[in-house]
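Subject: Structure for you to look over

Hello,

Here is the structure I promised. Please open it alongside this message.

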Amino acid sequence: MITIDALREYGANVDEGLTRCMGNEAMYIRLVSTIPAEDKFNKLKDSIEAGDLNTAFESAHALKGVTGNLSLTPLYDPLVKITELLRAKKEMDYSELLTQILEKRDALKEML
């Protein structure tokens, strides 16, 4: 089970996330627990692999929003980078950023 202390060690800005959840730790943990199963991660990966930058942008943008709202900084930071590159439709190798994102998602999943 994810704990506040484990999220702090992960690098999340827990205090900021809790503020957005009105200090309700149970609600914050419940919301954070839904993130690893979010289908947008697979959609982001598949879209990048297919060269569909529009769909990849939509997925990255949605993930950036939810991870930002929960102050999950380790996921949020690379999602900000990839979102802006995809917004600009930059033709490049996205594998390094995608790997960072998926590794941070998996680390969060392991805490469950």
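Bear in mind that the model is predicted.

Helix pair. Start with H5 (53–69) and H6 (73–87). Their axes come within 8 Å and cross at roughly 150°. An angle over 145° counts as roughly antiparallel, so H5 and H6 are roughly antiparallel to each other. The crossing of H5 past H6 is left-handed. On the H5 side, the residues in contact include Leu53, Ala56, Phe57, Ala60 and Leu63. His61 and Lys64 of H5 also take part. H6 contributes, among others, Leu75, Tyr76, Leu79, Val80 and Ile82. Glu84 and Arg87 are also among the H6 residues that meet H5.

Backbone. Most residues other than glycine have a negative phi. Ser71 has a positive one, near 55°. Ser71 lies in the loop between H5 and H6. Its relative accessible area is 4%, so Ser71 is buried. Lys89 is not a glycine either, and its phi is positive at about 55°. Lys89 sits in the loop between H6 and H7 (95–110). With a relative accessible area of 46%, Lys89 is partly exposed.

Best wishes

Note on methods
Residues numbered from 1 in each chain as written. Predicted model: local features only at pLDDT ≥ 70, side-chain atom pairs only at ≥ 80, totals over all residues. Heavy atoms only, no water. Helix = DSSP H or I, 4+ residues; strand = E, 2+ residues; numbered from the N terminus. Buried < 20%, exposed > 50% of the residue type's maximum accessible area, 1.4 Å probe, protein only. Axes fitted to C-alpha atoms, helices over the stretch in contact; angles between N-to-C directions. Parallel < 35°, antiparallel > 145°, perpendicular 65-115°, else oblique. Left-handed = near helix turned anticlockwise from the far one by under 90°. Contact = heavy atoms within 4.5 Å.
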